[in-house]
Amino acid sequence: MKRLTKRQICLGVAITGIALLLLYELFGKLMTVGMSETLGYLVDMTVTRFVGGVIFTAMLINLDFRVLNPIKRPFWRSVLLCLPPLAVAINNFPFSQVIRGGAVIDSPWWLIALLALECFAIGFFEETAFRGVVFLGILKKRPASKKWTFCSILLSSAVFGLIHLINLYHSSPLAVIMQIGYSFLIGAMCSVVLMRTANIWLCVILHGLFNFCGAVVPTCGYGELWDTFTVVLTASIAVLVTVYMIFIFFSADSRILDGVLGKKINDEDNTEKNIKNI
């Protein structure tokens, strides 16, 4: 019996995933009958985004984009590189208001856990799609260079931001404009992280944690999210991390991108050299 090729397996996974999404769209709502609106929404988003992430993961494998090794060397240096972006994600939680009693989380632990699962499912889907397929796909169109890499980051982040226009269906224009803005910035940040670490999973973690920290009070509690201290702290972290991301982008050795894009070089050695330049 002839063995299936990688392309055939990836195509089969993608077709199966699309078929499951279609079936879920037709019959999956039966799963949420009797659930509260919040619970039904979380279940729906978790299922569809996880399946979507699997589809785009199959596309990454088929395209030979080498970003799926979760412990790609040098792993711990990659983790250290992500600490400033991690501060951005964690700061999305309204610590000041929760400590002062202006915001409260009063839902049961299992709903908070489901929200976390939903946030990381969204991170899985959006990072494999926009940082994986879209960013790396644009990047591969031309030979690697700092200028083209920078343009690819801007283009893919703009696409990621503008896709949130769909939220005009159920949100106010001002809220959507703000979402487009911070989605663009988060997309650019995660693109640089992917460029420097060749590890899509670190981007998934950052994205999922950012979403969870920002959604846990509105979804699982109530209260105000912003106060003067939070605004000042958020602006300060944003400026510092922006400077940091610009620095690690321009100090990078662009040859690491050849390995990420599947060109025949020792991509792990280039990754290690690249991160040592921080």
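A crossing of two helices is called left-handed if the near helix is turned anticlockwise from the far one by less than a right angle, and right-handed if clockwise. Helices here (H or I, at least four residues) are DSSP runs, numbered from the N terminus. With that in hand, the crossing of helix 6 and helix 7 is right-handed.

Before going on, a word about where this comes from. This is a predicted model, in which local features need pLDDT of at least 70 and side-chain atom pairs count only at pLDDT 80 or more, while totals for chains, interfaces and linings use all residues. Residues are numbered from 1 along each chain as its sequence is written, and side-chain values use heavy atoms, with hydrogens and water left out.

## Helix 7 and its two partners

Let's start with helix 7 on its own. How far should the 17 residues of helix 7 (residues 146–162) span at 1.5 Å a residue? The expected span (1.5 Å times one less than the number of residues) comes to 24 Å, and the end C-alpha atoms of helix 7 are 24 Å apart, so the two agree.

Axes are lines fitted to C-alpha atoms, for helices over the stretch in contact, and angles run from 0 to 180 degrees between N-to-C directions. The axes of helix 6 (residues 109–139) and helix 7 come within 9 Å and cross at roughly 140 degrees. Angles under 35 degrees count as roughly parallel, over 145 as roughly antiparallel, 65 to 115 as roughly perpendicular and the rest as oblique. Helix 6 and helix 7 are therefore oblique to each other. Contact (heavy atoms within 4.5 Å) involves, among others, Glu126, Phe130 and Arg131 of helix 6 and Trp148, Thr149 and Ser152 of helix 7. Sorted by class, the contact of helix 6 with helix 7 has 10 nonpolar, three polar and two charged residues. For the sorting, Ala, Val, Leu, Ile, Met, Phe, Trp, Tyr, Cys and Pro count as nonpolar, Asp, Glu, Lys and Arg as charged, and the others, Gly among them, as polar.

On to helix 8 (residues 173–197). Helix 7 and helix 8 pack at an angle of about 140 degrees, with their axes 8 Å apart. That makes helix 7 oblique to helix 8. Helix 7 passes helix 8 in a right-handed crossing. Among the residues making this contact are Ser157, Phe160 and Gly161 of helix 7, along with Ser183, Phe184 and Gly187 of helix 8. How many charged residues does the contact of helix 7 with helix 8 have? There are no charged residues in it, but 10 nonpolar and seven polar.

Which residues of helix 7 are buried (under 20% relative accessible area, with exposed over 50% and partly exposed in between, using a 1.4 Å probe and protein chains only)? They are Trp148, Thr149, Ser152, Ile153, Ser156, Ser157, Phe160 and Gly161. A handy rule for reading such a list: an α-helix has 3.6 residues a turn, so residues three or four places apart point the same way.

| Residue | Relative accessible area | Touches |
|---|---|---|
| Ser157 | 0% | Phe184, Gly187, Ala188 and Ser191 |
| Ser183 | 4% | Phe160, Gly161 and His164 |
| Val204 | 7% | Phe120, Gly123, Phe124 and Glu127 |

Ser157 is found in helix 7, Ser183 in helix 8 and Val204 in helix 9. Val204 and Tyr169 are 35 residues apart in sequence and, C-alpha to C-alpha, 26 Å apart in space.

## Helix 4 and helix 9

Helix 4 (residues 83–91) has Pro85, Val88, Ala89 and Asn91 as its buried residues. Their cover includes helix 3 (75–81), helix 8, helix 9 (200–220) and helix 10 (228–250). Helix 4 and helix 9 pack with their axes 7 Å apart, at an angle of about 25 degrees. That makes helix 4 roughly parallel to helix 9. Where they meet, helix 4 brings Pro85, Leu86, Val88, Ala89 and Ile90, and helix 9 brings Leu206, Leu209, Phe210 and Cys213. By class, this contact has nine nonpolar residues, with no polar and no charged ones.

## Two loop residues with positive phi

Finally, look at the loops. Asp64 lies between helix 2 (37–63) and helix 3, and its phi is near 65 degrees, a positive value in a residue other than glycine. Ala198 sits in the loop between helix 8 and helix 9, with a phi near 55 degrees, also positive in a residue other than glycine. Is each one buried or partly exposed? Asp64 is partly exposed, with a relative accessible area of 28%, whereas Ala198 counts as buried at 1%.
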